[in-house]
Amino acid sequence: MINEKDYIEIPQEIVHSISPVQAWHYRIVPKEIHNGSITLFTNKIDDARRDELELVLDKKIELILLPDTVINKTLSLYYRKSFVSKNKFISLNAADDDFINKLITDARSLGSSDIHIEAYKDKCRVRLRVDGSLVERYQISFSDYPSIINKIKIAANLDIAEKRLPQDGRIFFKSTLDQFDIRVSALPTLYGEKIVLRILSIDASQIDISQLGFSEKQLETYLDAVKNPHGIILISGPTGSGKTTTLYATLKILNDIKRNILTIEDPIEYTLPGINQVQLKENIGLTFSSTLRTFLRQDPDIIMVGEIRDGDTAQMAIRSSLTGHLVLSTIHTNSAWGTVTRLIDMGTPSYLIANTLTLSVAQRLVKLLCPFCKQERKKPILQTISLYAEVKNKESKPFEPQGCDKCFHTGYKGRKAIYEVIKVDEHLSKCIKNNELDVKDYLQKNGISSLAESALHLFTNGETSYEEVYPILQSSSY
């Protein structure tokens, strides 16, 4: 039955009974498989097509007619086109010897950041994270699953005999078209090991800080702060919010033959010529705090710490800035000002934070509406969001997602960062020293945009949907 979304829902266990090449070439969608026969939906029924499909699939074929629009949408959802060249599809089968290479190439071509390979009681599957959301892409047979896991572990130099403990490794992937690093994490679960492959970019030279999402005023404040020869600049946000990309865009600006730049990261997500990068290895004692102590004997000008996770790392970052170095790092908080509270909770004295913290930034990634299919929102904008914030531009026309072939019927295409940028001036420094942390009125009076306001700006400009900005509006601190 066709649902209200005008596409056919296909059980994942039969999706790969036909390949993407076959699905698009013959414009067919599998309905069910039974006793050596297969029932297919198609937009055209004739004897010649049936005979050819029976020969190709080696099964008795039953065809059911569906409108072309329904076939198009179903194909776009379940058989996304992935290309290794201009006109050649990637065809995936878990039994193929080259399955892993094709899977990685497929994920890369779709712009996926992570590949999840996981086993459950009744199935094994592969999911890809595209634009921040996980999508089930393939199913793997139980007989093929151990072989696939072992091949990945061998490529990542992991111990295939160790199935009881988590392991981490790295793969350098190289093809005729691309090369990049992959971080591999193996986790023992109830029904077998789960593997997550994080696809990392090998080159940061294409990152442009002006294209990340800063407003003109925010970018001016940020660039002014990174010119300081000492102090701490902290970027906060949840995992996957683009903090590392912002840091590398900053390092790209600061990277100069006259400066000694050192980084300690987990993992090293980008590489930049001229920057000395260290990979964290906690199992041998190479931690953020211990490496920072060594950095201070390496005559650094700029230090980048992947993340401030504990009090020791926070203390070392403070010490590094006090001795005349610029320190860049990330921290997990809900807002830019929340960074101050987080540092205090870690045991850092307020007066040290006040003397060293020069800039605090919070950021999120927001999915952008597909420009080809977005439609004007029907509900009045003030009715929808007046509970959360005042919309200054009441003439703007917000949009909502629809879905088309170009966005795989998700309604979204790409993501953009939004920011909250707070420069710690003399007044805020005094507030930190005196533990007067309620500065909401001061921030608003000085025109510092919150994450909620930045999100609303995207919404009222028709760049994203209300569903995307709603969680940010709910969690905004001011």
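Predicted model: local features only at pLDDT ≥ 70, side-chain atom pairs only at ≥ 80, totals over all residues.
Buried residues are those with under 20% relative accessible area, and exposed residues those with over 50%. Leu428, Ser429, Cys431 and Ile432 of H14 are buried. These four residues lie on the same side of H14, because they cover an arc of only 160° around the axis. The face turned away from the buried side carries Glu426 and Lys430, which are exposed. Packing of the buried residues of H14 involves helix H11 (338-345), helix H12 (350-356), strand S18 (412-423) and helix H15 (440-445). At the N-terminal end, H14 is capped by Asp425, of which a side-chain oxygen lies 3.2 Å from the backbone nitrogen of His427. Just after H14, a positive phi of about 55° is found at Asn435.

Cysteine residues were considered next. A search of the whole structure returns zero disulfides. In the case of Cys370, the closest cysteine sulfur is that of Cys373, at 3.8 Å, which is too far for a bond; the cut-off for a disulfide is a pair of cysteine sulfur atoms within 2.5 Å.

An open sheet is formed by three strands in the order S1-S2-S3, with mixed pairing. Strand S1 (28-34) and strand S3 (60-65) stand at its edges; each has a single partner strand, so one side of each is left without a neighbour in the sheet. From one strand to the next, the twist averages 25°. The pairing of S1 with strand S2 (residues 37-42) is antiparallel and extends over six bridges, with Ile28 opposite Thr42 of S2. Helix H3 (residues 47-57) packs on this sheet and touches S1, S2 and S3, its direction making about 135° with that of S3. Helix H4 (residues 68-78) lies across S1 and S2 and runs at about 75° to S1.

Strand S4 (residues 112-119) has two antiparallel pairings described here. Of the eight residues in S4, seven are buried, which leaves the strand mostly covered. S4 and strand S5 (residues 124-130) run antiparallel and are joined by seven bridges. The two strands form a hairpin, with four residues between them. Within this pairing, Arg125 of S5 is the bridge partner of Glu118. S4 also pairs in the antiparallel sense with strand S9 (residues 192-200), over four bridges, and in that pairing Asp114 stands opposite Arg198 of S9.

The side chain of Asp106 makes a polar contact of 2.3 Å with the side chain of Tyr138.

Strand S14 is mostly covered, with six of its six residues buried. In a regular strand, the side chains alternate between the two faces of the sheet. In S14, Leu326, Leu328 and Thr330 point one way, Val327, Ser329 and Ile331 point the other way, and all are buried. Strand S10 (residues 231-236) and S14 run parallel and are joined by six bridges; the bridge partner of Gly231 in S14 is Leu326. Strand S13 (residues 302-305) also runs parallel to S14, joined to that strand by four bridges, and Met304 stands opposite Leu328 of S14.

Ser329 belongs to S14 (residues 326-331). The relative accessible area of Ser329 is 0%, and the residue is therefore buried. Its side chain reaches the backbone oxygen of Val305 at 2.8 Å. When neighbours within four places in sequence are left aside, the contacts of Ser329 comprise Ile233, Leu234, Ile235, Leu247, Val305, Gly306, Glu307 and Ile308.

Conventions:
Residues numbered from 1 in each chain as written. Heavy atoms only, no water. Buried < 20%, exposed > 50% of the residue type's maximum accessible area, 1.4 Å probe, protein only. Arc of directions from axis to C-beta. Contact = heavy atoms within 4.5 Å. Polar contact = N/O pair within 3.5 Å; in protein donor to acceptor, adjacent residues only side chain to side chain. Pairing = 2+ DSSP bridges. Axes fitted to C-alpha atoms, helices over the stretch in contact; angles between N-to-C directions.
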